[in-house]
Amino acid sequence: MKKTISAILRMASILSMVMAVTLLTACGAKDEETTKTTGASKSEMTTEADGDTTGETAAKGDLAESSYTIGISQFAQHGSLDNCREGFIEGLRQAGIVEGENLTVDYQNAEADTGLANQIAQNFVAGKVDLICAVATPSAQSAYNAALNTDIPTIFTAVTDPVAAELAGEDRMPVGNVTGTSDKLPVEAQLAMIREILPDAKTIGIIYTTSEVNSESTIAEYEAAVGEYGFELETVGISSIADVPLAADTLLAKVDCLNNLTDNTVVSALPTIIEKANAKGIPVFGSEVEQVKIGCLASEGIEYFQLGVQTGQMAAKVLKGEMAASEMPYEIIEESSLYINGAVAEKLSIEISDEVRERATEFFTEIE
Amino acid sequence: MEVILSVLCQGMIYSIMALGVYITYKILDFPDMTADGTFPLGAAVSAMMLTGGMGSGWTFLTLLASFAAGAVAGMLTGLIHVKCKVRDLLAGIIMMTALYTVNLRISGKSNVPLFSSETIFSNKAIDGIFQWLLPSSLNSYKVLIIIVVASILCKLLLDLYMKTKSGFLLRATGDNATLVTSLAKDKGLVKILGLSIANGLVALSGGMMAQYQRYFDITMGTGTVIIGLASVIMASNLMKNIPVIKNTTAVIAGAVVYRGAWAAVMALGLDAKDMKFITAALLLIFLVISMERKKKVKTHA
């Protein structure tokens with residue numbers, strides 16, 4: 001018995017040694033790869049994906065100057081954020097930087113783990129990417145911090161409040177080599193739209209997650225603005241998706257309609273909320289087109305894909321050297337777009353005036 | 001090179017946390033879940049002190065405050081377990097859950113950036129010292145040096161403590177609680193003390209992490225216990241056959257190697273989505289190889 005144990009132990013130490021060695025070689029290989037821009041030989045230790053990159057760079061040896069490698073660090077997996085990322089790549093494409101041709105994209109998702117977000121950002125910096133695109137606040141902060149003492153620019157998107165995140169100053173100008181776009185919700189436009197559709201409603205309810213800083217700042221904006229439109233605001237904070245049903249029940253007893261933010265956790269549980277609300281004849285307003293598709297009555301929000309495109313165009317300017325990230329103020333989408341779901345309106349017997357209907361970017365007639 | 005540097009930095013910061021987990025898991029034999037809450041607790045305390053503004057020379061006080069806050073949280077876990085007779089695992093979970101609210105109350109919001117505040121890694125006093133001490137070519141190692149000094153200091157202090165009478169009692173409580181009782185000592189008090197020290201270390205590590213990554217986020221504690229356990233288990237495996245190396249040193253090495261393995265897996269092009277599974281698999285492999293569970297079952301049988 002003892003013999004087997006010691007044999008296994010030896011195996012364990014060998015395994016760990018191997019791991020340490022892989023680490024060293026992996027880093028070595030990566031460094032080598034980046035320094036050799038026109039290198040013809042493939043590094044032996046690289047994986048298949050890395051191998052492809054090397055091959056591509058080699059094939060495009062003469063185009064080496066105008067081909068770029070970027071790292072995308074996305075904080076969590078989520079419909080809006082995914083749209084944002086796809087829009088970003090589209091924005092680059094519109095500016096002539098096409099994935100697979102002169103652009104290599106290394107996409108990593110931190111799965112809502114800040115430690116992982118740090119590691120991803122640092123790996124990008126170590127891999128000497130030309131630009132880091134960070135989607136959502138913690139990823140943006142990690143990327144900016146990792147690239148602080150390098151000349152790698154960070155372009156963020158879907159950061160609701162870049163000023164509060166200390167990525168930009170009060171004048172919208174960046175604090176360093178970092179800029180991007182904010183997904184600040186058009187709160188006033190949304191409130192005006194709710195007032196238009198529900199002239200008699202008094203109380204709006206919002207469920208938000210206490211761990212999401214974006215929701216907190218949006219709630220603060222709603223609090224400041226609701227009075228102007230004759231509403232009162234009721235909010236319930238939750239800490240995990242499991243709290244959603246109870247929070248919805250609590251809130252539905254007190255409100256005339258629910259309003260939904262871009263809160264990641266709440267959005268994931270949106271079907272539960274819609275079902276509970278509709279059972280009581282209470283409409284739920286969304287903040288984004290995807291939410292309207294699955295059963296929110298209407299939304300006056302921003303389009304994440306468009307936000308991504310705008311961000312991609314900013315990134316293209318930086319990549320091409322037309323402008324430095326540090327001299328570009330962060331951007332927001334000024335115009336909001338209205339989406340209405342007619343099937344939901346019918347179900348709740350809410351009448352949508354023709355005036356509102358004509359203003360809508362899209363009018364859905366079924367619930368997905 | 002940057003990857004190795006960042007692995008060392010993060011690994012050494014986590015190693016302080018791992019020392020805490022080592023105390024509870026290995027020495028006290030107490031499955032302490034509090035760490036998931038005390039790690040961000042330390043971060044929140046540090047972040048709030050820094051944004052409140054501290055004198056350059058005094059930023060290190062944030063770490064002491066983080067330690068103190070963590071120690072109080074650990075003490076409460078201990079009290080819940082010993083005085084209210086709640087099972088060890090549950091006591092930790094209760095405290096961890098409560099700390100989520102406490103952390104949000106301390107920080108005021110779920111994300112506090114520290115880009116414009118002085119931290120232990122960049123403030124006038126420490127920059128001055130390093131300018132005087134080091135050639136500027138070595139300046140990129142400044143952060144690593146500070147982290148290494150801090151974690152070695154923690155290790156040495158812990159080693160010293162383990163040699164005191166109180167330290168021996170702590171070890172005895174985990175190994176053979178009856179002995180402690182027969183020495184006319186209260187094993188409950190010893191447990192509370194151990195949990196305090198352990199969670200103090202975890203919080204200190206959290207405070208350092210917030211200053212290193214330059215932001216506090218309420219979610220940063222998720223998975224702390226598992227990182228700590230993995231480090232400790234790796235440590236006991238790696239270093240078992242080398243008697244000269246102290247356990248505490250092994251724990252620090254374990255944390256760095258664990259972080260390294262993680263970075264290696266990512267550098268090899270694996271999807272970040274798979275990281276949690278790999279963490280779980282690594283942990284399982286190491287546990288099975290070390291036969292830790294089997295041995296435990298035997299001794300209790």
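1. Strand E1 (residues 68-74) and strand E3 (residues 131-135) of chain A pair in the parallel sense over five bridges; pairing requires at least two DSSP bridges between two strands. Gln74(A) stands opposite Val135(A) in E3(A). Strands (E, at least two residues) and helices (H or I, at least four) are DSSP runs numbered from the N terminus.

2. This is a predicted model, in which local features need pLDDT of at least 70, side-chain atom pairs count only at pLDDT 80 or more, and totals for chains, interfaces and linings use all residues. Residues are numbered from 1 along each chain as its sequence is written, and chains are lettered from A and ligands numbered from 1 in the order in which they are written.

3. E1(A) and E3(A) belong to an open sheet of six strands with parallel pairing, ordered E2-E1-E3-E4-E5-E11. Strand E2 (103-109) and strand E11 (331-332) of chain A are at the edges with a single partner strand each, so one side of each has no neighbour in the sheet.

4. Helix H4 (residues 114-126) of chain A packs with helix H1 (residues 2-27) of chain B at about 155 degrees, the axes being 8 Å apart. Axes are lines fitted to C-alpha atoms, for helices over the stretch in contact, and angles run from 0 to 180 degrees between N-to-C directions. H4(A) and H1(B) are therefore roughly antiparallel, a term for angles over 145 degrees.

5. In the domain assignment, which is automatic or from a database, chain A has domain 1 (50-59 + 66-183 + 303-334) and domain 2 (187-301 + 336-364).

Terms used. Angles under 35 degrees count as roughly parallel, over 145 as roughly antiparallel, 65 to 115 as roughly perpendicular and the rest as oblique.
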